[in-house]
Amino acid sequence: MAGKDDQDIQEIFKGTGRRHGYDFVEANFFPFKELKSTWHRNRWKVAFRISDYMSGCGEDVLTDYSDALFRRMVNGERVAYTDSVMCWLKSDEFIEMNRPLYLERSRNLSLSPEGRYHDLQSAMNGLRDKGLIEDMEDVHLTWTRSANRKRVGYCSVLMKVIAISSALDSLELPSFVPEYVLYHELVHLEMGRETLSPRHGREFRRKERLFPLWEEAESWLRRVASQKT
Ligand SMILES: [Zn+2]
């Protein structure tokens with residue numbers, strides 16, 4: 001893997017640790033599926049496992065990231081990432097380097113927008129042509145392998161990946177149903193990239209209701225969830 005190796009990260013975390021009063025610090029990259037980092041500590045020593053999605057970033061970014069983790073650990077509260085960290089996480093380079101890994105680790109994805117009956121790529125083009133979404137390039141659309149009937153859509157805003165449950169890839173369902181779920185996830189992407197967190201706020205709901213057949217789609221989804229299709 002290109003970028004930082006375990007030696008570099010060790011040095012960076014040791015330096016940050018000293019500033020926070022920790023003399024014995026260990027840090028290694030770890031292949032978590034999601035972007036996350038964990039730590040174990042006792043009184044004197046702390047050992048970090050750092051998401052290897054961070055391994056391609058610059059030294060300044062990794063230093064800021066280590067500082068946020070130490071502050072989170074010491075104060076027990078969520079600390080906002082600095083601009084440098086957010087900037088790296090939102091960069092095209094981040095996606096280019098890490099999305100292939102993320103997809104490889106997501107075992108439940110078919111890795112294709114083409115289902116047996118419904119095609120997510122043409123659904124997305126349709127949404128764009130109707131003016132419901134912006135022109136978005138570089139979104140990875142895929143069906144899931146297993147047919148979850150309750151969780152029908154998933155969006156990684158960070159990796160720009162949208163997965164739709166194969167429970168919706170059914171001949172009995174009109175195509176506006178998977179299209180509606182895809183639309184929901186695309187609105188997450190449109191609105192969530194700035195903060196990298198998907199939320200259902202008021203503005204989100206307003207946009208969601210712009211989908212012409214949303215009520216019909218919702219009632220189809222209730223039927224899917226209760227296995228009546
Ligand atoms: Zn949602």
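This is a predicted model: local features need pLDDT of at least 70, side-chain atom pairs count only at pLDDT 80 or more; totals for chains, interfaces and linings use all residues.
Local features require pLDDT of at least 70 and side-chain atom pairs pLDDT 80 or more, while totals for chains, interfaces and linings use all residues. Residues are numbered from 1 along each chain as its sequence is written, and side-chain values use heavy atoms, without hydrogens and water.

Student: Which protein donors does the zinc ion have?
Tutor: Donors are N, O and S atoms within 2.8 Å of the metal (3.2 Å for Na, K and Ca); water is not among the atoms, so sites may look incomplete. The donors follow the spacing H-x3-H-x11-H along the chain. Lying 2.0 to 2.1 Å from the zinc ion, they are His 184 (NE2), His 188 (NE2) and His 200 (NE2).

Student: Is His 200 buried, partly exposed or exposed?
Tutor: Buried means under 20% relative accessible area, exposed over 50%, and partly exposed in between (1.4 Å probe, protein chains only). His 188 has 5% relative accessibility and therefore counts as buried. His 200, at 46%, counts as partly exposed.

Student: Which helix gives the largest share of the negative patch?
Tutor: A patch joins like charges within 9 Å, or nonpolar side chains (Val, Leu, Ile, Met, Phe, Trp, Tyr) within 5 Å, from residues with over 30% relative accessible area and no salt bridge. The negative patch is formed by Asp 5, Asp 6, Asp 8, Glu 11, Glu 59 and Asp 60. Two or more residues come from each of helix H1 (6-19) and helix H2 (59-75). The largest share, three residues, comes from H1.

Methods:
Accessible areas come from the Shrake-Rupley method with a 1.4 Å probe; for residues, only the protein chains shown count as cover. A salt bridge is a side-chain nitrogen of Lys or Arg within 4 Å of a carboxyl oxygen of Asp or Glu. Lys and Arg count as positive and Asp and Glu as negative; His and the chain ends are not counted. The place of a charge is taken as NZ of Lys, CZ of Arg, CG of Asp or CD of Glu. Helices (H or I, at least four residues) and strands (E, at least two) are DSSP runs, numbered from the N terminus.
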